[in-house]
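My notes are below, in the order I made them.

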Amino acid sequence: LAENAAEVLKEVDIGAASGTHGELICMRRCTVRRLGFTLTSELAGGTSVAPTVVFKKRPTPQSSSGQSTVGTLTVPDATAVGKTVYKDVTPVNFSVGDSMQISWTVGTGTPTGQGVYWFECEDSPEQAANNSDMIASA
């Protein structure tokens, strides 16, 4: 969604300037419990301060109003391609229409690192009538 048009499994360059990858919209109520970043084509290196990958919940897509940080991953220096950095977080509920924004802060030094972000969700079904963001079509 907007910003840098987040895509599932699109590689993020955490060695480039800090930035925002974009947002993914929740289509079914779920609970996020784990965050991750897997290095895919370039190891994380060259840093004296490690880069981070930040996951934020936004109740209103493309608006920072009411947003909260789900969790922040620190990607250590010398994390090799094929390795995954993950973090178990306090469970966060997402409703239909909420979004997950993914951004990163570049490390200090001569940083490198490219990979894909991911997060694990557990289904948390609800009736559409109980969700104020769901409107039945005529």
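These entries go from the sheet to single residues and then to the rings.

**Before starting.** I reminded myself that this is a predicted model.

I found an open sheet of four strands in the order 2-7-4-5, and the pairing is antiparallel. Which are the edge strands? They are strand 2 (19–25) and strand 5 (68–74), and each of them pairs on one side only. I also noted the twist, which averages 20° from one strand to the next.

Next I looked at how strand 2 is held to its partner. Six bridges join strand 2 to strand 7 (residues 99–105), and the two run antiparallel.

**Strand 3 and its partners.** Then I turned to strand 3, which covers residues 30–49. Strand 3 pairs with strand 6 (residues 84–94) in the antiparallel sense, over eight bridges. For G36 I wrote down Y86 as the bridge partner in strand 6. How many bridges pair strand 3 with strand 8? I got 13, again in the antiparallel sense.

**T31.** This residue lies in strand 3, and its bridge partner in strand 8 is E122. Is T31 buried or exposed? It counts as buried, because its relative accessibility is 7% and the cut-off for buried is under 20%.

I went through the neighbours of T31, leaving out residues up to four places away in sequence: T31 touches P91, V92, N93, E120, C121, E122 and S124. With N93 there is a side-chain to side-chain polar contact at 2.6 Å. I also checked P91, which is 60 residues from T31 along the chain, yet the C-alpha atoms of the two are separated by 6.1 Å.

**T38.** Skipping residues up to four places away in sequence, I listed what T38 touches: K83, T84, Q114, G115, V116 and W118. Which side chain makes a polar contact with that of T38? It is the side chain of W118, at 3.1 Å.

**Aromatic rings.** I searched for ring pairs and the count came to one aromatic pair. The rings are those of F55 and F119, with centres 6.3 Å apart and planes at 80°, so I logged the pair as edge-to-face.

Where do the two rings sit in the chain? F55 is in strand 4 (residues 52–58) and F119 is in strand 8 (residues 108–123), 64 residues apart, so the pair links distant parts of the chain.

I compared how covered the two residues are. F55 is buried at a relative accessible area of 0%, whereas F119 is partly exposed at 24%.

Technical notes. Residues are numbered from 1 along each chain as its sequence is written. This is a predicted model: local features need pLDDT of at least 70, side-chain atom pairs count only at pLDDT 80 or more; totals for chains, interfaces and linings use all residues. Side-chain values use heavy atoms; hydrogens and water are left out. A polar contact is a pair of N or O atoms within 3.5 Å; within protein, one must be able to donate a hydrogen and the other to accept it, and residues adjacent in sequence count only if both atoms are side-chain atoms. Contact means heavy atoms within 4.5 Å. Rings of Phe, Tyr and Trp (its six-membered ring) pair if their centres lie within 6.5 Å; planes under 30 degrees apart count as stacked, over 60 as edge-to-face and the rest as tilted. Buried means under 20% relative accessible area, exposed over 50%, partly exposed in between (1.4 Å probe, protein chains only). Two strands pair if DSSP finds at least two bridges between them. Axes are lines fitted to C-alpha atoms, for helices over the stretch in contact, and angles run from 0 to 180 degrees between N-to-C directions.
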